[in-house]
Amino acid sequence: MDHIAAAEEQIVSERLRRKLQEVNAAAQTQLSPIQDHINFTLQQAYFKCAYECFDRRRKQEEISNCVEHCSVPVVKSQQYFENEMAQFQERLNRSLVVCQDKFEASKLQKIRPEAINEMESCVQKSIEENLNTLPHIVQRMKQAFNITN
């Protein structure tokens, strides 16, 4: 690979890294109400519930079962959230792999700057399409967690 090609690919990699940082920032902004709900509302309810489990009249096994029962909503919500985010990440990754594959094929057929431009366009479109799904994912999670705001 010549020096110009290496420099061009490094520039493309840096641009892609910046785009992915933008995706992360947008996702964090949109997902923060859900994370707050899990980390504060559900965690607070868990601790209040677990506190009530500690009663000297109960046996240790009863206390353990009670505390475990209290943790179910937090654990299920966290698992649901993580599953949704893993699916989002997987869709984004697959679409970016398609862009990379198109770029590799295009390099063989076209002049390098044109191939780079096509890849950047593909990446931009892919990111926009995936970001457009985030509000729907957030809404679905809000409904699942009964978040009204």
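This report walks through the overall form of a predicted model and then looks at a few of its residues.

## The overall form

Let's start with the big picture. The chain has three helices and zero strands, and reading along the sequence gives the pattern α-α-α. Its radius of gyration is 23 Å, well over the 15 Å that the globule rule gives for 149 residues, so the chain is more spread out than a compact globule. If you draw a box around the C-alpha atoms along the principal axes, that box is roughly 80 × 30 × 20 Å.

How do parts of the chain that are far apart in sequence come into the picture? Take the contacts between residues at least 6 apart in sequence: 75% of these join residues at least 24 apart.

## Surface and charge

What share of the chain is buried? Of the 149 residues, 30% are buried. The accessible surface comes to about 10300 Å², and carbon and sulfur atoms account for 53% of that.

As for charge, you'll find 19 positive and 21 negative side chains in the chain. The centres of these two sets lie 5 Å apart.

## A ring pair across the chain

The structure holds two aromatic pairs, and one of them is Y80 with F145. Is this pair stacked or edge-to-face? The ring centres are 5.6 Å apart and the planes meet at 75 degrees; planes over 60 degrees apart count as edge-to-face, so that is what this pair is.

This pair links distant parts of the chain.

## Two buried residues in the helices

Now for L31, which lies in helix 1 (residues 3-53). Why does L31 count as buried? Its relative accessibility is 5%, and buried means under 20%. Leaving out residues up to four places away in sequence, L31 touches F81, M85, V138 and M141.

Over in helix 2 you'll find E84. This residue is buried too, with a relative accessible area of 6%. Which residues does E84 contact, once neighbours within four places in sequence are set aside? They are I137, R140 and M141. Notice that M141 turns up in the contacts of E84 and in those of L31.

## Outside the helices

N146 is found in the segment after helix 3. It has a positive phi of about 55 degrees although it is not a glycine. Is N146 buried or exposed? N146 is exposed, with a relative accessible area of 65%.

D55 is in the loop between helix 1 and helix 2. With a relative accessible area of 23%, D55 is partly exposed.

Notes
Residues numbered from 1 in each chain as written. Predicted model: local features only at pLDDT ≥ 70, side-chain atom pairs only at ≥ 80, totals over all residues. Heavy atoms only, no water. Helix = DSSP H or I, 4+ residues; strand = E, 2+ residues; numbered from the N terminus. Rg over C-alpha atoms; globule rule 2.2 N^0.38 Å. Buried < 20%, exposed > 50% of the residue type's maximum accessible area, 1.4 Å probe, protein only. Contact = heavy atoms within 4.5 Å. Areas by Shrake-Rupley, 256 points an atom, 1.4 Å probe, with all protein chains shown as cover. Lys, Arg positive; Asp, Glu negative; His and termini not counted. Charge placed at Lys NZ, Arg CZ, Asp CG, Glu CD. Phe/Tyr/Trp six-rings, centres within 6.5 Å; stacked < 30°, edge-to-face > 60°.
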